[in-house]
Amino acid sequence: MPSHSRLTAPVRQIRPLVEEFGVKGFKFHPSIQAFHPNDRLSCPLYEAIEEAGAIAVFHTGQTGIGAGAPGGGGIRLEYSNPMDVDDVAADFAAPPVKDEVRPKILKESAARLLGLDGR
């Protein structure tokens with residue numbers, strides 16, 4: 001997903017989507033979109049979301065999409081590690097960053113990341 005040329009149009013569309021159409025947030029599926037959420041090339045997109053006052057939602061953890069397909073249909077779980085969202089949450093505190101974690105194996109990491117593990 002991240003490359004400057006591929007993000008130019010989406011970055012320009014953020015404010016009109018929020019102001020003209022009432023969009024409240026933007027959802028990302030890193031494993032499906034094949035990008036690491038903390039890739040610095042995505043910063044202009046997150047900055048636009050922050051400036052527009054919207055939220056960013058990231059689906060992290062394992063996915064059943066691609067199950068049974070050769071090679072999992074090309075879907076790579078490496079992109080959906082909840083720890084990658086930590087950098088985004090730290091750098092872009094104004095737009096609330098929500099982490100949608102599915103499986104238990106990564107929920108523990110997400111709980112630690114969000115400070116919900118009681119430590």
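Here is a short tour, one selection at a time. Before you click, note that this is a predicted model: local features need pLDDT of at least 70, side-chain atom pairs count only at pLDDT 80 or more, and totals for chains, interfaces and linings use all residues. Residues are numbered from 1 along each chain as its sequence is written, and side-chain values use heavy atoms, with hydrogens and water left out.

**Stop 1: the core.** Select I14, F26, F28, L45, Y46, I49 and F58: these have the most contacts inside the largest nonpolar core, a set of 18 residues. (Such a core is made of buried Ala, Val, Leu, Ile, Met, Phe, Trp, Tyr and Cys residues joined through side-chain atoms within 4.5 Å; buried means under 20% relative accessible area, exposed over 50%, partly exposed in between, with a 1.4 Å probe and protein chains only.) Now colour α1 (4-21), β1 (25-28), α3, β2 (55-60) and α4, which each supply at least two residues of this core. The largest share, six residues, comes from α3. Helices (H or I, at least four residues) and strands (E, at least two) are DSSP runs, numbered from the N terminus.

**Stop 2: Y46.** Leaving aside neighbours within four places in sequence, what is Y46 in contact with? Show F28, F35, P37, F58, V88 and F92; contact means heavy atoms within 4.5 Å.

**Stop 3: A34.** Go to the loop between α2 (30-33) and α3 (43-52) to find A34. Its phi is near 55°, a positive value in a residue other than glycine. A34 counts as partly exposed, at 37% relative accessibility.
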